[in-house]
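Colleague: I would like to go through this structure with you, one region at a time. Could you start wherever you see fit?

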Amino acid sequence: MTFEELRRIARSVGERRGWDFSRVRSDRNPVPWDYADVVRRYLESDSRVLDIGTGGGEKFLSLASYFALGVGIDNDPAMIQAACENTPSSLTHKVSFQRMHAEFLRFPDNSFDVVLNRQSPVFVGGIVCVLRPEGVFITQQVGSINTQNICSVFGCGPGGEYERDPSQDIDRLIELFAQEGCRIIARASYDVRCWFRDIESLVFWLKAVPLPEDFDIEIHWRKVDRIIEDFSTPKGIETNEHRELIVIRKEQAR
């Protein structure tokens with residue numbers, strides 16, 4: 001595609017608000033779990049829940065009918081503003097949002113029955129402190145080979161892998177939780193084929209996700225054109241979705 005065509009598309013798709021990707025039209029092969037379904041298994045009607053890296057609160061608010069009280073935190077003030085705006089008046093009595101860094105949780109020890117983290121950095125010590133004994137921590141993370149072909153074009157590391165803090169490796173996180181007296185009750189991963197149905201969805205996604213540098217169509221249009229040229233199929237622009245999941249339980253103190 002030409003630069004002018006791609007620039008017109010980039011302007012037309014707009015910007016992400018909160019962590020809302022509903023404008024991305026995509027398909028994927030079947031996956032073995034859905035994050036919200038997993039979380040619901042561990043929620044009780046009297047649960048107190050913390051959502052770390054809540055973004056615009058989209059996923060957290062969708063779970064609100066399954067718990068008693070919830071707090072979502074994010075260090076980005078724009079995300080917290082979006083989350084507050086997304087909260088219907090019917091939920092303001094049970095769900096609140098605060099700006100807070102995930103590494104420095106300002107809650108008393110043993111405050112929560114369940115702590116959630118969807119695709120945000122995990123800081124083990126603070127999570128263990130705020131979890132009550134027998135409480136559960138659930139995290140779904142973007143895997144290291146997610147959208148591998150697209151990352152290869154953008155130089156996201158050898159073989160298309162994201163460059164990441166080694167402390168965020170799933171095996172390392174499990175080891176750290178074990179050192180804190182927790183045990184794994186579930187672990188899973190999947191890597192499936194998926195497709196952006198149209199160029200607009202691909203461009204919106206590129207503008208919204210954290211690549212090695214901020215996306216700019218004037219700088220990156222040739223890379224976008226290469227992705228469209230190399231990976232277009234009858235089903236759309238093909239890539240892959242890689243996710244990893246762990247569920248941790250904090251043991252009772254002995």
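Modeller: Let us begin with Gln119, which is found in the loop between S5 and H5. Please bear in mind that this is a predicted model.

Colleague: What is the phi of Gln119?

Modeller: Phi of Gln119 is near 65 degrees, a positive value in a residue other than glycine. Most residues other than glycine have a negative phi.

Colleague: And is Gln119 buried, exposed or partly exposed?

Modeller: Its relative accessibility is 23%, so Gln119 counts as partly exposed.

Colleague: Which value does phi take at Glu134?

Modeller: Phi of Glu134 is near 75 degrees, again a positive value in a residue other than glycine. Glu134 lies in strand S6. With 26% relative accessibility, Glu134 counts as partly exposed.

Colleague: Let us turn to S5. Where does Val114 lie, and what does it touch?

Modeller: Val114 is part of strand S5, residues 112-118. Apart from residues up to four places away in sequence, Val114 touches Tyr42, Leu43, Arg48, Val49, Leu50, Leu131, Val136 and Ile138.

Colleague: Why does Val114 count as buried?

Modeller: Because its relative accessibility is 1%, and buried means under 20%.

Colleague: How far is Val114 from Phe196?

Modeller: Their C-alpha atoms are separated by 34 Å, and the two residues are 82 residues apart along the chain.

Colleague: Now the helices. Which residues of H7 are buried?

Modeller: In H7, residues 170-179, the buried residues are Ile170, Leu173, Ile174, Leu176 and Phe177. They cover an arc of only 165 degrees around the axis, which puts them on the same side of H7.

Colleague: Moving on to H1, which residues are buried and which are exposed?

Modeller: Phe3, Leu6, Arg7, Ile9 and Ala10 are the buried residues of H1. Their arc around the axis is only 160 degrees, which puts them on the same side of H1. Arg8, Arg11 and Ser12 are exposed on the other side of H1. Just after H1, Gly14 takes a positive phi of about 75 degrees.

Colleague: What covers the buried residues of H1?

Modeller: The cover includes helix H8 (199-208) and H9.

Colleague: At what angle do H1 and H9 cross?

Modeller: The axes of H1 (residues 3-12) and H9 (residues 217-231) cross at roughly 105 degrees and come within 10 Å. H1 and H9 are therefore roughly perpendicular to each other.

Colleague: Which residues meet there?

Modeller: From H1, Phe3, Leu6, Arg7 and Ala10 meet Ile217, Glu218, Trp221, Val224, Asp225 and Ile228 of H9. The residues of this contact divide into seven nonpolar, no polar and three charged.

Colleague: What is Glu218 in contact with?

Modeller: Leaving aside neighbours within four places in sequence, Glu218 is in contact with Phe3 and Arg7. Glu218 and Phe3 are 215 residues apart in sequence, with a C-alpha to C-alpha distance of 7.6 Å.

Notes
Residues are numbered from 1 along each chain as its sequence is written. This is a predicted model: local features need pLDDT of at least 70, side-chain atom pairs count only at pLDDT 80 or more; totals for chains, interfaces and linings use all residues. Side-chain values use heavy atoms; hydrogens and water are left out. Buried means under 20% relative accessible area, exposed over 50%, partly exposed in between (1.4 Å probe, protein chains only). Helices (H or I, at least four residues) and strands (E, at least two) are DSSP runs, numbered from the N terminus. The arc is that of the directions from the helix axis to the C-beta atoms. Axes are lines fitted to C-alpha atoms, for helices over the stretch in contact, and angles run from 0 to 180 degrees between N-to-C directions. Angles under 35 degrees count as roughly parallel, over 145 as roughly antiparallel, 65 to 115 as roughly perpendicular and the rest as oblique. Contact means heavy atoms within 4.5 Å. Ala, Val, Leu, Ile, Met, Phe, Trp, Tyr, Cys and Pro count as nonpolar, Asp, Glu, Lys and Arg as charged, and the others, Gly among them, as polar.
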